[in-house]
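Trainee: Please take one part of this model and go through it closely. I would like to hear about the packing and pairing there, with the cut-offs stated.

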Amino acid sequence: MTTRRELLTGLLSTAAATAAGGLTIAATGSPAHAAGPLTGYVMGYFTESPNRLANNYGLHLAVSADGLNWTPLNQNNPVVTPTAGTGGLRDPFILRKRDDTFAVLATDLTGTDFTQPNQYIHVWDSVDLRSFTGYRRVRMHTMNTHTWAPEAFWDNARGQYGIVYSAHNGTRDVFMVNYTTDFVNVGSAQVFFDPGFNVLDATFHLGSGVNYLYYKNLADGRLYGARSSTLNPNSFSTYTSGMVNGGIEAPIVVKANDRNEWWLWGDSYSPVNGEFYVWRSGDVNANAWTALDKAAYTQPLNAKHATIAAITTTEHANLLTRWGAPTWNRLKSYNLPDRLIRHANRVGRIDPYPFDPYADSQWRLRPGLADSAGVSFESVNYPGNYLRHSGYVIGLAANDSTALFAGDATFHRTAGLANSGWASFRSHNFPDRYLRHSNYLLRIDVLGSGSPAADRADATFQIGY
């Protein structure tokens with residue numbers, strides 16, 4: 001499938017190009033939050049998977065307490081979908097406004113035809129992200145080009161919000177800005193960032209005295225940072241070297257709520273579509289980003305081109321109450337954290353995320369069939385089928401209601417043999433054996449605290465979403 005970058009690279013002289021990137025603003029000088037201090041995070045995204053089984057162009061939400069590990073809401077189904085324009089969205093953005101309510105902006109595009117010109121964006125109002133009102137499409141310009149990844153920030157010096165998006169200005173792909181007070185009426189479009197080469201996928205962090213803009217350079221495919229003492233158009237200068245991991249785009253800069261730690265998220269479209277990478281920095285002003293191990297973070301299932309905003313403890317709880325946590329889980333390998341437990345042709349194994357059918361990695365953790373104090377892993381896409389061992393090898397099989405099946409399909413969760421913060425699973429009817437992977441296949445082997453470190457790591461997993 002043709003990527004957005006390939007389209008942009010090949011069509012630089014035209015207004016038609018690829019979908020643009022996200023601009024995530026961490027607002028400064030915002031009012032005190034009625035529900036309390038900002039302690040958690042909400043992510044907005046749409047979904048795609050390698051074989052398009054998960055493609056859904058509505059607004060999806062997930063919440064997190066630590067900003068790195070996420071709980072999808074509404075069973076990872078959309079909470080709202082556009083009803084006009086193309087009937088779908090990409091590149092959503094969540095803005096906490098000055099009055100402590102939210103605006104949701106998004107690209108008006110369903111699917112992957114990035115050659116479509118469109119002068120409009122989707123906009124919703126929301127008091128608390130539990131309901132969405134005032135849906136409208138807002139026209140941003142009259143050019144025969146795209147209007148991608150609209151995002152917004154409060155410019156205190158102007159007393160207005162700036163809506164920033166990607167467009168081809170007749171010369172190259174740049175970031176444009178329109179100013180507004182109500183997200184209904186907008187001023188005329190003007191160039192916000194044009195470094196003299198094609199760019200897309202920017203993210204901002206607004207600091208005290210210094211503002212930071214991260215973006216993708218289309219010439220080399222890397223993510224760079226720029227900074228400015230103001231939010232004025234054309235005031236940002238690049239100050240970092242580039243980060244890259246495969247075909248990467250759609251960066252997000254997020255500051256930890258309680259400390260000086262920043263994360264830079266990037267969305268990979270190649271060699272597979274839909275894999276996030278994260279870099280960490282202890283000083284956003286320095287050119288010092290370090291890649292995080294995937295054991296440290298887990299993205300929502302099939303999430304693409306995300307936005308992340310800080311929320312309060314009350315808002316976090318209310319979102320979970322309104323939309324609900326998933327009724328399924330995914331299990332990540334400890335020593336190969338890019339891989340998930342799945343079934344494939346009824347064989348239990350670990351494979352690198354993402355893949356299709358993605359539901360092969362979703363499990364309902366049931367009370368143990370042989371002992372309710374244990375756990376049995378029921379397949380989401382094959383209900384009534386469970387992971388069980390036979391000849392010490394793990395496979396997916398239909399429950400035949402026998403005592404032997406119940407024992408083979410029951411495990412007891414223990415502290416992780418390699419990391420007590422993770423989990424290991426001891427066989428119910430062979431209590432000296434644990435679930436582990438070997439050459440990517442699942443089996444049960446004799447293991448314990450005295451086993452080699454590599455074997456204990458093979459038997460350690462994270463239960464998440």
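Mentor: Two strands count as paired if DSSP finds at least two bridges between them. Strands (E, at least two residues) and helices (H or I, at least four) are DSSP runs, numbered from the N terminus. The model is predicted: local features need pLDDT of at least 70, side-chain atom pairs count only at pLDDT 80 or more, and totals for chains, interfaces and linings use all residues. Residues are numbered from 1 along each chain as its sequence is written, and side-chain values use heavy atoms, with hydrogens and water left out.

I start with the open sheet and the core. Four strands form this sheet in the order β16-β17-β18-β19, with antiparallel pairing. Its edges are β16 (247–255) and β19 (290–291), each of which pairs on one side only. Strand β18 (residues 275–281) is joined to β19 by 2 bridges, and R280 has T290 of β19 as its bridge partner.

A nonpolar core is a set of buried Ala, Val, Leu, Ile, Met, Phe, Trp, Tyr and Cys residues joined through side-chain atoms within 4.5 Å. Buried means under 20% relative accessible area, exposed over 50%, and partly exposed in between (1.4 Å probe, protein chains only). The largest core has 30 residues, and those touching the most other members are M43, Y214, W263, W265, W279, W289 and I308. Two or more residues each come from β1 (38–47), β13 (211–217), β16, β17 (262–270), β18 and β20 (303–312). With contact taken as heavy atoms within 4.5 Å, W289 touches Y214, M243, W262, W263, L264, W279, R280, S281 and V284, leaving aside residues up to four places away in sequence.

A second, separate core of 21 residues includes L59, F102, L319 and W323. L319 and W323 also belong to helix α2 (residues 313–323), where they are buried along with E315 and H316. These four lie on the same side of α2 because they cover an arc of only 105° around the axis, the arc being that of the directions from the helix axis to the C-beta atoms. T313 and T321, on the other side of α2, are exposed. The buried residues of α2 pack against β1, β2 (56–64), β4 (89–96), β5 (102–108) and β20. After α2 comes G324, with a positive phi near 80°.
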